[in-house]
Each structure stands twice: as structure tokens, then as C-alpha cells.
Amino acid sequence: MHRGFQPHNLIITAFVTMSVCTIIAFGVGAPSWLQLVMALIFSAVGGLVPGNMFFLALQMSPSREATSTSVGLLQQCLSFGQFIGPPIVAWVATLAGNWHMTWTVSVVLSAFGVFMALSLGKAMRARALV
């Protein structure tokens, strides 16, 4: 953000990168070393999402008085995602009989995240924050 990248664009970049990493790691039968590299990149890039989301929570809060509520709600949503995500991935792996289809969970949720980030970008433009 300090170099001029908009937070919603960084979030989109993170979700797209995470999708590509999970497809390569679990969907295409990549070698073990490449799967490990993709898992590391996935984890490193994934940190862009909450960092930018907290920044946006401060920027997009309806008022100064609602800032703590906005940040708290965001924290609850992020925590819920971390709580429910692994069981969903495990359920897909169980249904598929292996990990080869678990990338679909990440791609579907990332697509939703990209949609939400685009909506945030539109809201920021409407508020003249971009």
C-alpha cells in the first residue's frame, strides 16, 4: 500500500495467487517439492488478505464510533473462516477419497473473495477513497 497499490487489488492478487498455488499443489499431480513450494507461497501470500482487510475496516467504517465494531466484526468473520475452512476441506477430501479435489474449496472461496474485493473497490471509489 505504501507503494501505491490499492488494498482491494492486493486482496485480489492474494486470492488469485492462492488459487493457482492450490491447483498446482493438489490438482495437477505436481512433484512433492513443487507442492511444498506452492504451500509456502500460499501461506505467505495469504497474509495479504487479513492485513488489507483490517486497513479497509478502518477506512470503510461508517463512523469513528463504529470503528471498533467494524474491526471486531471483521475479526469474527476471519476467525469463523479459519474455524470452518479445515473441516470443509477435510469433508471434500473424504468425499473424493484423496486430496486431489481439495483445491476446489480454495478456488470457490477465492472467487467469492475476489468478488467481495471488487465490491470493496467499487465502494471505495464511491467514497472517493481511491
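Trp-91 is exposed, because its relative accessible area is 55% and exposed means over 50%, while buried means under 20% and partly exposed lies in between (1.4 Å probe, protein chains only). The residue belongs to helix H4, which covers residues 67–96. The structure is a predicted model, in which local features need pLDDT of at least 70 and side-chain atom pairs count only at pLDDT 80 or more, whereas totals for chains, interfaces and linings use all residues. Residues are numbered from 1 along each chain as its sequence is written, and side-chain values use heavy atoms, with hydrogens and water left out.

Trp-91 also takes part in a nonpolar surface patch of about 670 Å², together with Phe-80, Phe-83, Ile-84, Ile-88 and Leu-95. Such patches consist of residues with over 30% relative accessible area and no salt bridge; nonpolar side chains (Val, Leu, Ile, Met, Phe, Trp, Tyr) are joined within 5 Å, and like charges within 9 Å. A salt bridge is a side-chain nitrogen of Lys or Arg within 4 Å of a carboxyl oxygen of Asp or Glu. The accessible surface of the protein chain comes to about 8,300 Å², and 71% of it belongs to carbon and sulfur atoms. These areas come from the Shrake-Rupley method with a 1.4 Å probe, and for residues only the protein chains shown count as cover.

The overall architecture can be considered next. The protein chain has 5 helices and 0 strands, and its elements run α-α-α-α-α from the N terminus on. Helices (H or I, at least four residues) and strands (E, at least two) are DSSP runs, numbered from the N terminus. The C-alpha atoms fill a box of roughly 50 × 30 × 20 Å, taken along the principal axes. Of the 130 residues of the chain, 28% count as buried.

Thr-22, in helix H1 (residues 7–27), counts as buried because its relative accessibility is 8%. Leaving aside residues up to four places away in sequence, Thr-22 touches Gly-27, Phe-42, Trp-103, Ser-106 and Val-107; contact means heavy atoms within 4.5 Å. Among contacts in the chain between residues at least 6 apart in sequence, 65% join residues at least 24 apart.

Two further residues count as partly exposed. Phe-54 lies in helix H3 and has a relative accessibility of 26%, so it counts as partly exposed. Its C-alpha atom is 6.7 Å from that of Val-71, 17 residues away in sequence, and Phe-54 touches residues including Val-71 and Leu-78. Val-89, in helix H4, counts as partly exposed because its relative accessibility is 23%. The contacts of Val-89, not counting residues up to four places away in sequence, are Trp-99, Thr-102 and Val-105.

The largest pocket holds about 1,500 Å³ of space. On a 1 Å grid over the protein atoms alone, a pocket is an open set of points where a 1.4 Å probe fits, with protein on both sides within 12 Å along at least five of seven lines; lining residues have an atom within 4 Å of a point. Grid points are joined across faces, edges and corners, and the volume is the space filled by probe spheres set on the points. The lining comprises 45 residues, of which Phe-15, Val-49, Leu-78, Gly-81 and Leu-109 lie nearest the centre of the pocket. H1, H2 (32–46), H3 (48–60), H4 and H5 (103–126) each supply at least two lining residues, and H4 gives the largest share, 14 residues.
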